[in-house]
Structure formats: C-alpha cells, structure tokens
Amino acid sequence: MPIVGWTNPYTNRRHLVQDYVGMAKVMPREILDIIARKDVEDKVHIGTNLTVTSGIGCPRRLVIERFLPCYPNPQRLWAPMMGTKWHEVLAQEMKGKPGWVVEVNGGVKECEVSGWLFGFAMTGRMDARFEDDGVVLEIKDYKFSLSGADKFVDENWVAKPEHIVQLNALRLLLKQMGKVVSDNVGMVAWVVGGSWIPTRVPIKSEEEIGSIKVFGSKYTVHELFKYVGNSFARIDKGESPTSIAEGLPLFGKDMMKSRKGTSMCDSCAVKGDCMELGGWEEAAVIPFIKKERVVEL
Ligand code: SF4
C-alpha cells in the first residue's frame, strides 16, 4: 500500500505520515512508524502480484491499496499488524520441531507456494505444515482477531468460507509444485483472539472453492479473482489505476464482516480513499464517523 498519510478517524481529516501532531490522539507515533515502515518493506503484496488471498475480499480495495496514494485509518491496520507479529512468534516457537516446516525452520521459501488457480498465476505462503517421510499430513493457518476468536466460529467449528478457500488453495498449489500431499491431509485454521479456536477445513477442489461466496458476497471467489486479475492485467498494459478503481463496484458493501451486520466497508482502512473515488451516492446516508466517537483535538 503506498501510504502517504493517515486519515484521522475522529475528525476525518487527512495528515501526511510525518504529521504526528494531527494523529496524536489516534495512535502512538512509534506504532504509526512501524505500520508505515512495514508498508514500504512489503515485497509480496505489491504491484500486480496475485496471491491466494487476492480474491478473498474487495477487489476495489486491492487496487486502491496497491496503486493509489493512500491515507488509511491506521486503527484499521493494527489487527493485521498484530497478526503478522503473532505469526513471527509462533514460527520462532516451532523452530526445530521435527517434521514441521515453518518460516524460520525451512526458511521463508519453504513456506511459499506458487502455481495457477482460476486461470491466474499466483503465489501464497502457509504458516506451518507437518510432513512425515516427504508426505504432507497437516497444514495450519493462524487467524488473528482483535474482536475475539469465538465470535467468528460456528457451533460445529467448521472453518469460515474464506479460510476454506485459502487453505485449499495452498494445498492445491503445494501439489502443483510436486509435493506429495496426503488425501486425508488435516487442515486447521486456528482463530486466535482472547481464546484459541481450531476450525476444521474440509478438502475441496479448485472448482468447489471457486464457487464459494465469501463474507456473504453475491460474487463467487472465481468472479472476485477475475475482477482482480483483469484489473491488474489492464494496469500492466498502462491503464490508469484510478479509473480502474473508480469503475469497480463497491464489493465490500455487501460483504458482511460480523454477525452484528457490519460490512467489510466498516472495517476498511482505505474507506476514505474509496469514497473519494465516488460511487457512494446511494450510500451517503451511512455515516463515515460515528458521532459519539468524535473528540476535540
Ligand atoms: S470501502 Fe468498501 S468498497 Fe471501498 S474499498 Fe473498502 S471494502 Fe471496498
């Protein structure tokens, strides 16, 4: 994400990254600095690189984050940042455990996968996998939630649709790379946040995961990948990312983020940038800032 500044969620004003005064009541400057630095250091989620999560979310957000100068709300970026830190801790703790491949164990490359899904070349990275005698028996993914793990898990502890898509995509790419993956491979998406909940991922084919509708969206994963892949292809050919983002539907509006009925847009870090692009006329009644949260600065 080319972060050039921040949106203050209490005032809706924009501030350049070095304007710590304007963001003084939003987040400590050291945390703002970490988020900005991590953004610059990210070598994976850049340009037109497709990853297995590119079609699990709002394509408009992806184009905005990758190509437009952004003023994100940093509070919306904190949970993913914490999630990344958790992954580093877990990888260190699992270092040296027999049979486990984690980033610090086999090296970052050992956790990376690449290949083709839905007609697009893409890469991915798994958190941990267990192998015995060269056969992959288990794949794990850790999902971090600041809102509490139990809120995101159904009574049967079946993984959420988006986790089913992601883990199966990683499994399929592993196989494409020539890895032997057990037909009964266990796939667990651990949801972490207050408590730890292991959610089971059923084995699905490429066609099956492509037909899943994540977050209650009216679009399938295959369709979302097409929107992203085609947008990226047009950008590669020299079309303006701004006009491409403008032309994309507001996918996040009908993607439900929580059982309380909040949408993906409510937790979108670049909602302000998205609204600037337009297309929100009919959504104008939805307030961007909750009134009770406005504070004097
Ligand atoms: S505000 Fe909603 S529609 Fe706009 S980029 Fe974010 S998630 Fe997508």
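The structure is a predicted model, in which local features need pLDDT of at least 70 and side-chain atom pairs count only at pLDDT 80 or more, while totals for chains, interfaces and linings use all residues. Residues are numbered from 1 along each chain as its sequence is written. The protein chain has an average pLDDT of 87, and 89% of its residues score at least 70. Helices (H or I, at least four residues) and strands (E, at least two) are DSSP runs, numbered from the N terminus. Confidence in the protein chain is highest in helix H6 (residues 206-210), at a mean of 97, and lowest in helix H4 (residues 108-111), at 76.

Strands of a sheet pair through backbone hydrogen bonds, either parallel or antiparallel. Here, two strands are taken to pair if DSSP finds at least two bridges between them. Five strands form an open sheet with mixed pairing, in the order S3-S6-S7-S8-S9. Strand S3 (100-102) and strand S9 (195-200) are the edge strands, each pairing on one side only. From one strand to the next, the twist averages 25°. Three antiparallel bridges join S3 to strand S6 (residues 128-132), and Val101 stands opposite Arg129 in S6. Helix H3 (residues 78-93) lies across S3, strand S7 (135-144) and strand S8 (180-193). The helix runs at about 140° to S7, where axes are lines fitted to C-alpha atoms, for helices over the stretch in contact, and angles run from 0 to 180 degrees between N-to-C directions.

A further antiparallel pair consists of strand S4 (residues 112-117) and strand S5 (residues 120-125), over six bridges. Glu112 has Arg125 in S5 as its bridge partner. The hairpin of S4 and S5 has two residues between the strands, and Phe118 in this hairpin takes a positive phi near 55°.

The ligand is surrounded by 14 residues, the closest being Cys58, Gly252, Cys265, Cys268 and Cys274; a residue is near a molecule or strand if its C-beta atom, placed from the backbone, lies within 6 Å of it. Helix H2 (59-67) and helix H9 (271-277) are the elements that give two or more residues to this shell. The largest share, three residues, comes from H2. By class, nine residues of the shell are nonpolar, one is polar and four are charged. Ala, Val, Leu, Ile, Met, Phe, Trp, Tyr, Cys and Pro count as nonpolar, Asp, Glu, Lys and Arg as charged, and the others, Gly among them, as polar.

Terms used:
pLDDT = per-residue confidence, 0-100. Contact = placed C-beta atoms within 7 Å.
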